[in-house]
Structure formats: C-alpha cells, structure tokens
Amino acid sequence: MGKKIKKEVEPPPKDVFDPLTIESKKAATVVLMLNSTEEEILAKACEAIYKFALKGEENKTTLLELGAVEPLTKLLTHEDKIVRRNATMVFGILASNNDVKKSLRELDILNAIIAQLAPEEEVVIHEFASLCLANMSVEYTSKVQIFEYGGLEPLIRLLGSPDPDVKKNSIECIYNLVQEFNDLHIEALAVLANCLEDLDTMQQLQQAGGLRKLLAFAENTTFPDIQKNATKAIARAAYDPETRKILHEQGVEKCLINLLGAENDGTKVAAAEVISAMSENLATKEFFNTQGIPQIVQLLKSENDDVKEGASLALANLTTANQTNAIAAAEAGAIESLINTLSCNRDNAIANAATVLTNMATQEALRLAIQNFDIMRALIHPLNSSNTLVQSKAALTVAALACDAEARIELRHAGGLEPLVELLHSNNDEVRRHASWAVMVCASDEPTSIELCKIGVLDVLEEINQSMRRKNNFSEAAYNRLLNNNLSLKYCQTGYLSSNNMIPDGFYDAGRMSPGTKLLSLKEFALQEPNDRRAIILINSKPYSAYPTYTTEEKFSDSVSGRSSSLQRRGRTSAGVGSPTDEKADVPGQTVAVGSKTALKERASRDHQEQRLTSRRTQSIFRKGKGKKEEEKNKEEEEAAALAKIVESSADKEWCLPSDNDFCNYITEVSKTILPITDLKAQIEALANFVAGKMGGPISKKLLHEFKWELHISEVKFQLKSNIIPIGYIKKGTFYHRALLFKALADKIGIGATLVRGEYNRAWNEVKLVEESYKGVTGLLPRPEEFIIDLMFEPGALLKTRSQEAEFYKFL
C-alpha cells in the first residue's frame with residue numbers, strides 16, 4: 001500500500017478581516033459604534049444603549065451629552081428591520097426625558113416615528129413608537145407636528161391592537177392631543193381678541209365672514225371655557241364705538257341673550273360685560289327694551305358675586321338715560337333684587353345697583369315703587385362705605401329719592417342724615433358734590449332742614465364754600481336752601497331776608513348769632529326762665545289749638561295707646577299744658593299759651609323716658625307697610641289715619657306756639673284797607689304808617705332817647721313769664737321790631753320787601769320801585785330803584801339806598 005500524504009490547510013485570504021468579538025464597558029464607545037455600517041454592530045449597539053437608558057434619567061442625559069441622539073435618528077429609517085426596531089425602542093425610552101424631547105423637536109423625528117405605526121410593522125415597534133409619541137405629545141409644539149404629520153389616524157387604528165401596551169400608549173397620546181385641541185382654541189381666541197380691537201382687522205374679519213363664525217361659535221360650542229373666552233373676545237371688541245356698530249349689524253344682541261342662559265357662570269359674566277359695552281349703542285338699548293332685561297334681572301339673584309356684579313353693570317348701562325329700559329327692569333322684578341344687592345360684599349355691584357335705582361327714580365311711579373321697599377334704610381350701608389365710588393352713587397340715589405316728603409321722613413328715621421353729612425368731609429370731589437346735592441334735596445322741607453342743622457351741616461357747608469377747591473354749585477345751593485327753609489336761623493346768621501323769603505308762622509328773631517353758637521329752638525327758649533337778655537320776637541297768625549310743636553312723625557309717635565293710657569293715669573284734663581285755661585295774660589283780649597316754665601321742665605323730665613320707650617314702637621309701625629301688598633298697605637294707612645285723629649284730639653302737648661290775636665287782627669285790617677290799593681308806592685306808605693301806628697307812632701330824632709321801648713318789652717316779658725314775645729304784644733317798638741312787623745305784613749299782602757339787620761338794634765326794609773321820572777317815557781324800559789322805608793321818624797318816607805344812603809345811616 002502506498003503511504004498516505006497529509007493535506008495542507010489553505011491560509012485565509014489576505015484581504016479579509018478576521019471576525020473580532022469586542023466587549024466594551026464605556027457608553028462612549030458604544031455611541032461611536034452607531035456610526036458603523038454593519039447591521040449586526042448597529043443592532044447590538046442600539047440594544048446596549050436601550051438597556052443603558054432603562055437604568056435611569058441620568059443615563060438618558062449622559063447619552064444626550066455623548067451625542068447618541070443624532071446618529072440614532074438616522075437608524076429609524078434603516079433598511080435592516082432589527083436595527084430599525086432597536087432604534088425605535090431606544091427613542092421610546094429616551095423621549096421621557098425633557099432635555100431629550102427638546103433635542104428631538106429640533107431634529108424633527110416625529111414624521112419618522114409616525115411611519116413606524118404602519119400596520120405591517122411588528123407589535124414591538126408599535127409599542128415603542130406609540131410610547132415615544134405619548135411622551136412627546138405632552139408639549140404644544142409636538143402636538144402640532146403630530147397633527148400635521150397625520151399621526152392621529154394611525155394612533156386611532158392602534159386602539160384595536162391586541163397588545164395592551166400599544167393600546168395604553170395610543171390612548172394616552174390621543175388624550176394629550178385632544179386636551180391641547182381645546183387649548184388651541186383658547187389661544188386662538190386670545191389672538192383673535194387682540195385683533196378685534198383693531199378696526200381695520202375687524203372690518204376684514206367681517207367681510208370674510210369670520211365675525212359671524214365667531215358669534216356662532218360662541219353661541220354653539222359645548223366647551224364652557226372656550227365659550228367664555230369667545231365671549232370675552234367679543235367683549236374686548238365691543239368697547240370701540242365703530243366696532244359696536246359692526247357687531248350690532250351682525251346681530252350680536254340675539255347671541256348675547258342666549259349666552260346669558262349658559263350653564264357656565266364665567267360665560268354669563270362675559271355676556272353681561274358685552275351688553276354693558278354694547279349699551280353705549282342706542283340701537284342696542286332699544287333692542288333690549290323688549291327682551292334680554294328679564295334674563296339679566298334673574299342674574300341679580302345669583303349666589304355668584306361675579307355674576308351679580310356683571311348683571312348690575314349691564315342694567316346700570318341699559319337704564320341710563322332710557323326710561324323704557326328702566327320700566328322693563330322694574331316690571332321684571334329688579335327693584336327688590338337691586339335693594340338686596342346694596343347689602344352685598346362687592347363694592348362695584350353696590351355702586352351699579354345704586355345707579356340703576358337712581359335711573360329708575362327719575363320716574364315718579366317707579367320712585368314710589370322703590371320707596372315701598374324701605375329703600376332709605378337699605379342705603380345706610382352704602383352711605384357708610386369706605387369706597388368712594390359706592391359713597392358717590394349712594395348719595396346720588398338719596399338725591400334722586402328724597403324729593404318726596406315721605407322719603408325724607410324715612411331717611412330721618414333710618415338715621416341716614418348723619419352719614420350723608422359725613423360724606424361732605426370727603427376729599428373726593430364727586431362724593432362731596434353728590435352729597436351736597438343730596439343735602440340740598442333733603443333740605444326741601446323745614447323738619448329735615450332743622451334736623452340737618454342740628455347735626456352741624458351748615459358749619460360743614462360754610463367751610464366747604466369758603467374753599468375755592470372744595471366748593472361746588474350744589475354745596476352753595478344746599479347752604480342757601482337750608483337757610484331758606486329755616487328763615488329764623490337765616491336771619492340770625494346772615495341778618496338778611498330777601499323779598500322771596502316769606503316769613504312763616506313760627507318764625508322768631510333771636511337777635512344776631514355769634515360765630516360758633518347754636519340757635520336754640522322755640523321750645524328750648526320757652527323752657528328757660530325769664531331773663532334780662534334780648535326778647536325772642538315771635539311771628540304767629542295761627543290760633544293756639546292749631547299749633548302743637550310736634551313734627552308729623554312726632555305726632556304719630558305720641559299717638560300710640562301707651563301714651564294715652566299714661567294721660568289717664570296722671571289724671572290730666574283735655575285742656576293740656578299751656579291751654580288758654582291755664583293762664584290768662586294781663587292784656588285784655590289776649591291769651592298766651594306759654595304756661596309755667598317750671599311746670600314745663602318737670603313734665604318734660606317726667607315724660608322723657610316714656611317717649612323713648614314709645615318711639616321705637618312707633619317707628620316700627622310707621623315702617624310696617626313698606627314693601628307689602630297693596631291690600632295690607634291700604635289697611636295700615638287707615639290705621640295711621642285713625643291714629644292721626646287721636647293725635648288731634650290728644651291734649652298732651654308739652655308746649656305750643658303762643659297765639660297772637662293782635663297780629664291776626666293786623667293781617668285782617670291791612671288786607672281790607674291796604675291790599676285794595678293799586679299803586680305800589682301808596683301801598684308801601686300806607687303799610688309803613690300802619691306799622692308805625694301800632695308800635696308807638698312817629699318818633700322825633702331828638703326825642704329818640706326818651707322812647708322807652710326797653711321798659712315796655714321788659715314789662716311784657718314779666719306779664720307773659722317768658723322770654724318769647726308774640727309781635728302783636730309789642731306796643732312800643734324800635735327799628736328792628738317795626739322792620740320785622742312790616743316784613744311779616746308785607747308778605748301777607750304781596751308786597752316784596754327785604755329785612756336787613758343793622759347794628760345797635762337797628763333794622764330796616766328795602767323795596768324796589770320804578771323811578772318817577774321814567775314812568776310814561778316812550779322808548780325807555782322801567783328801571784326799578786331800591787328804597788329804604790322809614791318806619792320811625794317820617795313813616796312811609798322812601799330813601800334811595802344809593803343817593804341818600806349816607807343820610808339814612810346818620811340816624812341808624
């Protein structure tokens with residue numbers, strides 16, 4: 001046999017690299033491997049990076065810093081399925097890191113990720129691709145890109161995947177996409193709101209039909225926040241006058257009525273804001289005449305303060321200078337809701353409610369309806385507010401309502417005069433002006449004027465009027481009206497009554513009042529013991545029985561049954577205190593109802609506590625009928641009338657004005673003898689002689705010092721046991737007695753005369769007459785001249801206040 005020959009092994013080709021197994025413990029090395037061209041290396045590198053990223057957030061950040069993200073993005077579209085799968089798995093994990101997400105947005109990989117959702121891809125790829133999209137979809141920019149690249153449709157398709165992880169990731173991503181879908185509208189509406197403030201943009205939007213779409217969208221969307229923001233966008237546009245016209249042309253009012261009924265309170269507030277702004281448009285106000293106002297009134301009852309405030313503002317603007325809307329609001333039941341709003345915690349809502357009530361009060365029927373709800377008591381809270389807007393609006397409401405006597409009585413009872421006067425101290429010009437206006441209106445009757453003067457309003461107004469900065473037309477008018485309704489105080493303070501100041505019964509001259517002193521009432525003067533001070537001269541043409549010194553509400557107070565029973569317990573007679581049977585004057589034919597001052601003091605002290613106990617009950621009776629049904633109100637009015645009759649028959653009068661029969665006779669006499677005279681100058685001369693004759697006759701200038709009028713006055717005071725002297729009792733009168741009597745009688749028969757106080761017990765009257773030389777001259781208008789009437793030396797003589805002023809003052 002032949003010997004076997006051993007076969008030699010052929011060496012490997014020189015140009016082929018021998019296989020090499022590499023083991024790396026550095027992430028940086030693996031990242032470098034991502035640039036390899038070999039599928040196996042790429043697949044293993046991606047797998048290693050995937051495992052490394054799973055271990056924590058720090059590893060994800062490390063991979064980002066090592067530059068792994070950019071080469072990985074290229075592998076998403078690799079031809080090898082395994083490489084593509086492993087790269088997708090890496091991105092599913094890395095995308096949860098915020099820094100990585102930012103880098104991925106810049107590299108724009110979402111389109112490649114969405115491509116991995118194709119039906120033919122493996123479930124694993126679906127799982128990690130959907131996981132990557134879910135992580136990326138939490139940010140706005142990525143959501144937009146997912147929508148743009150058509151990612152929503154494949155995600156919805158994957159909801160049918162058998163793999164639960166794929167379903168979970170897809171649902172999470174879709175949820176994120178839908179939530180930002182809402183926000184997208186909100187952001188778009190915010191941008192649109194800014195655009196609507198520009199008129200040119202607004203017109204372009206209208207021409208393109210966008211405005212109508214916006215209104216329809218606001219009305220029909222089912223998303224509350226979107227509806228609210230859409231309405232707010234319209235509100236911002238409505239503040240421009242030209243834009244309001246465009247909105248009106250598009251029928252925004254109908255849309256707003258529907259929005260008022262929205263379930264979302266924010267939408268209601270926004271709709272009310274639009275209505276408030278649109279109310280500047282007259283056509284819009286007319287639209288709401290017939291519809292919309294009842295819905296707004298209903299919002300006043302909301303427990304949401306924002307809604308209440310918005311509704312009150314809308315009503316305030318709709319009813320301003322629009323009586324029809326004011327009536328519509330009242331018919332919808334707004335009055336009670338508005339008055340309730342005055343006590344809420346929102347200053348703006350209170351101010352708006354007060355504005356609506358002021359707008360309503362311009363109509364008498366509505367003003368009376370408002371007063372039935374105890375409005376003056378409800379205004380006490382706003383008047384005491386620290387907010388200047390609320391103070392201003394509340395004072396204006398008082399001014400609008402206090403033009404009725406009943407409302408002024410209610411304001412006094414409610415204690416509203418004090419906070420109203422306090423507002424006069426405000427440094428806010430509008431508050432001070434409206435408070436002055438309200439005081440001027442409240443001073444329309446004597447009782448309220450007296451109460452205002454008691455709490456020092458004249459001093460406050462005088463201080464205001466002395467300041468060029470603080471005074472206003474209403475403060476001056478209020479000061480003058482207060483004095484004109486309290487002529488006794490006016491004459492004491494100013495020493496002057498104009499020809500228009502008609503002296504009323506109950507007027508008294510207490511002399512010049514020193515600065516800072518208070519003028520006592522007649523009742524207070526009557527309670528004083530006779531003294532050597534200047535006598536109080538009284539004007540009164542009414543009989544005693546007609547003049548208790550109670551005001552209307554005091555009469556009402558003292559007529560309750562408890563007061564009558566106290567009379568019976570004390571055994572008082574029907575004659576009462578100060579009746580003609582109590583005390584007779586020494587002058588024949590005269591009856592003086594002044595009574596004993598000591599007895600008056602004792603009775604006043606004894607009755608004081610009882611009056612306080614009954615007053616509260618009386619005030620509650622007086623207010624009982626407010627805000628009730630008409631039947632109950634009529635019933636209580638009948639009860640009030642019955643009580644008033646009790647008052648008239650009650651004899652428990654603490655003090656009454658003294659009667660003055662002589663003065664009554666003077667009025668009768670001058671009415672018969674002087675009033676029929678047709679020539680004014682002759683009337684004046686006759687009346688001057690009449691006055692002088694009743695008060696001692698003409699006096700010689702040289703013998704003036706012998707005219708003992710002071711002794712006569714003292715004797716009358718002693719006879720009457722009072723410092724108060726009715727003017728008819730004065731038979732020797734000096735300048736100021738005669739001037740007062742002349743003024744009082746001249747007022748009764750229609751002669752226009754002033755009353756001017758001078759120094760040293762002097763006083764005089766001035767009248768206006770046409771100069772004789774002008775009478776009958778063709779082409780010349782009569783020019784009246786002022787004359788001073790001489791009542792002392794040559795009664796009836798007229799002295800020109802200009803040419804003969806110096807001569808007249810010589811004897812004054």
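Phe 735 and Phe 793 are both buried in this predicted model. Because Phe 735 belongs to helix H43 while Phe 793 sits in the loop between strand E8 (784-789) and strand E9 (798-800), the pair ties together parts that are 58 residues apart in sequence.

**Aromatic pairs**

- The structure holds 8 aromatic pairs, and one of them joins Trp 709 to Tyr 736 in an edge-to-face arrangement, with 6.1 Å from centre to centre and 85° between the planes.
- This pair also links distant parts of the chain, since Trp 709 lies in helix H42 (residues 709-720) and Tyr 736 in helix H43 (residues 735-749), 27 residues apart.
- Trp 709 counts as buried because its relative accessibility is 12%, where the cut-off for burial is under 20%.
- Tyr 736, with a relative accessibility of 5%, therefore counts as buried by that criterion as well.

**Helix H23 with helix H27**

- The axes of helix H23 (residues 347-360) and helix H27 (residues 388-401) come within 9 Å and cross at roughly 20°, which means that H23 is roughly parallel to H27, given that angles under 35 degrees are classed in this way.
- The crossing in which H23 passes H27 is left-handed.
- On the H23 side, the contact is made by Asp 347, Asn 348, Ile 350, Ala 351, Ala 354, Thr 355, Leu 357 and Thr 358, while H27 contributes Leu 389, Val 390, Lys 393, Ala 394, Leu 396, Thr 397 and Ala 400.
- By residue class, the contact of H23 with H27 comprises 9 nonpolar, 4 polar and 2 charged residues.

**Helix H33 with helix H34**

- Helix H33 (residues 473-484) packs against helix H34 (residues 487-494) at an angle of about 115°, and their axes are 6 Å apart.
- H33 is therefore roughly perpendicular to H34, the range for that class being 65 to 115 degrees.
- Tyr 479, Leu 483 and Asn 484 of H33 make the contact together with Leu 487, Leu 489, Lys 490, Gln 493 and Thr 494 of H34.
- The residues in the contact of H33 with H34 divide into 4 nonpolar, 3 polar and 1 charged.

How values were computed:
Residues numbered from 1 in each chain as written. Predicted model: local features only at pLDDT ≥ 70, side-chain atom pairs only at ≥ 80, totals over all residues. Heavy atoms only, no water. Axes fitted to C-alpha atoms, helices over the stretch in contact; angles between N-to-C directions. Helix = DSSP H or I, 4+ residues; strand = E, 2+ residues; numbered from the N terminus. Parallel < 35°, antiparallel > 145°, perpendicular 65-115°, else oblique. Left-handed = near helix turned anticlockwise from the far one by under 90°. Contact = heavy atoms within 4.5 Å. Nonpolar A, V, L, I, M, F, W, Y, C, P; charged D, E, K, R; others polar. Phe/Tyr/Trp six-rings, centres within 6.5 Å; stacked < 30°, edge-to-face > 60°. Buried < 20%, exposed > 50% of the residue type's maximum accessible area, 1.4 Å probe, protein only.
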